[in-house]
Amino acid sequence: MKKQFKILRFLVVALLLLPLFIVWLPPAFFEGKVNETLLEGDYFSSLILSFRELGITLLTTMIFAMILSYAIGYLSVLSMTVGRTFSNILNAIESIPSILIALFCYAPVSGALVKTSGSTSTLISLAVFMAAATATVLPEAVRSISIPLSDLYNRKYSVSFRSYGFPKHRILSVLMKTALMRDTLKRVAAGILLKTLVLDTSFGFVIQVGLGSTGTPQHTSPGALIAANRKALLDLFGDGNPAMFWIPSLLLIAISVAFLIILNEKKEND
């Protein structure tokens, strides 16, 4: 029964994450499957582009943040001095709202985003947002790695390794490969994805509301698409189409629920 429940949960997660993969299908796939009113204008192409950008942002940020979190978490346990230094830095970062970190990161490159071409501007925007998102997720990610790793190192069986003369870095390398740490890393990755999704959506929404489509930085995001069509939600009896607001909103909710299910699964295993 437990195995069947795991299979069902896997299928549910796969179904909820499907929007991130469907958007990469060729345009011909959507012909005849999408309401004609949604195909009018640039809405549908903007919807596809925003979720493609979201997928790229989630993947690149997760990889970059996981590498840094792994390294900092490992070094924090290896050296108390390094651990205290990083703890102070990450605590300072954590005290700043994530949306402000993103805005601060964009400020130095805002001029370059205006002057450069579309493709170059997109790459710069992606790199800057990835750095901002990584900064916001690092404090919790590093704690989630260093605390269980330190706990494993201080357990009795780790003392036996030390009694045989194993150096600390070698013991930590072995402990990082244990089932507990593998599950921890999976949970950290899911947490990074969820936080990045929230930041991407909220940042895109704020930029769209505050600066509009010609503002700088231009952040291609489902959140920006939701903000651009927020009036359609209220114009139920006019020319607006509420579906333009609800489609990206519901897709984002589905993806968020998938990440929450993954996080809950890892906690149950622990």
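Predicted model: local features only at pLDDT ≥ 70, side-chain atom pairs only at ≥ 80, totals over all residues.
User: Why is arginine 143 called partly exposed?

Analyst: Its relative accessible area is 35%. Buried means under 20%, exposed means over 50%, and partly exposed is what falls in between, using a 1.4 Å probe and protein chains only. Residues are numbered from 1 along each chain as its sequence is written, and side-chain values use heavy atoms, with hydrogens and water left out.

User: What makes arginine 143 and glutamate 94 a salt bridge?

Analyst: The term asks for a side-chain nitrogen of Lys or Arg within 4 Å of a carboxyl oxygen of Asp or Glu. Here the closest N and O atoms are 2.9 Å apart, so the pair qualifies. The two partners come from distant parts of the chain: arginine 143 is in helix 8 and glutamate 94 is in helix 5 (residues 80-94), 49 residues apart. Glutamate 94 has a relative accessible area of 42%, so this residue is partly exposed too. As a general point, side chains of opposite charge can pair when their charged atoms come close.

User: How many salt bridges are there in the whole structure?

Analyst: A search finds two. Lysine 195 and glutamate 140 form a salt bridge, with their closest N and O atoms 2.4 Å apart. That pair also links distant parts of the chain, with lysine 195 in helix 11 and glutamate 140 in helix 8, 55 residues apart. Lysine 195 comes out at 36% relative accessibility, so it counts as partly exposed, and glutamate 140 gets that label at 39%.

User: What is the secondary structure of the chain?

Analyst: The chain has 14 helices and zero strands. Those are DSSP runs, numbered from the N terminus: helices are H or I over at least four residues, strands are E over at least two.

User: What makes Ile96, Leu100, Leu103 and Phe104 a nonpolar patch?

Analyst: Patches are made of residues with over 30% relative accessible area and no salt bridge; nonpolar side chains (Val, Leu, Ile, Met, Phe, Trp, Tyr) are joined within 5 Å, and like charges within 9 Å. These four form such a patch on the surface, with about 330 Å² of accessible area together. Areas like that come from the Shrake-Rupley method with a 1.4 Å probe, and for residues only the protein chains shown count as cover.

User: Why is alanine 65 called buried?

Analyst: Its relative accessible area is 0%, and that is under 20%, so alanine 65 is buried. Alanine 65 lies in helix 4 and touches Thr134, Val137, Leu138 and Ile192, leaving out residues up to four places away in sequence. Contact here means heavy atoms within 4.5 Å.

User: And why is leucine 199 buried?

Analyst: With 3% relative accessibility, leucine 199 is under the 20% limit, so it counts as buried. This leucine is in helix 11, and its contacts beyond four places in sequence include Ser98, Phe129 and Ala132. The C-alpha atoms of leucine 199 and alanine 132 are separated by 9.3 Å, although the two are 67 residues apart along the chain.

User: Which residues have the most contacts inside the largest nonpolar core?

Analyst: Leu54, Ile192, Ile255 and Phe259, in a core of 47 residues. Helix 4 gives the largest share, twelve residues. A nonpolar core is a set of buried Ala, Val, Leu, Ile, Met, Phe, Trp, Tyr and Cys residues joined through side-chain atoms within 4.5 Å. There is also a second, separate core of twelve residues, with Ala102 and Val128 among them.

User: How do you know that asparagine 229 is buried?

Analyst: Its relative accessible area is 14%, under the 20% cut-off, so asparagine 229 is buried. Asparagine 229 lies in the loop between helix 12 and helix 13 (230-234), and its side chain reaches the backbone oxygen of leucine 225 at 2.9 Å.

Methods. Polar contact = N/O pair within 3.5 Å; in protein donor to acceptor, adjacent residues only side chain to side chain.
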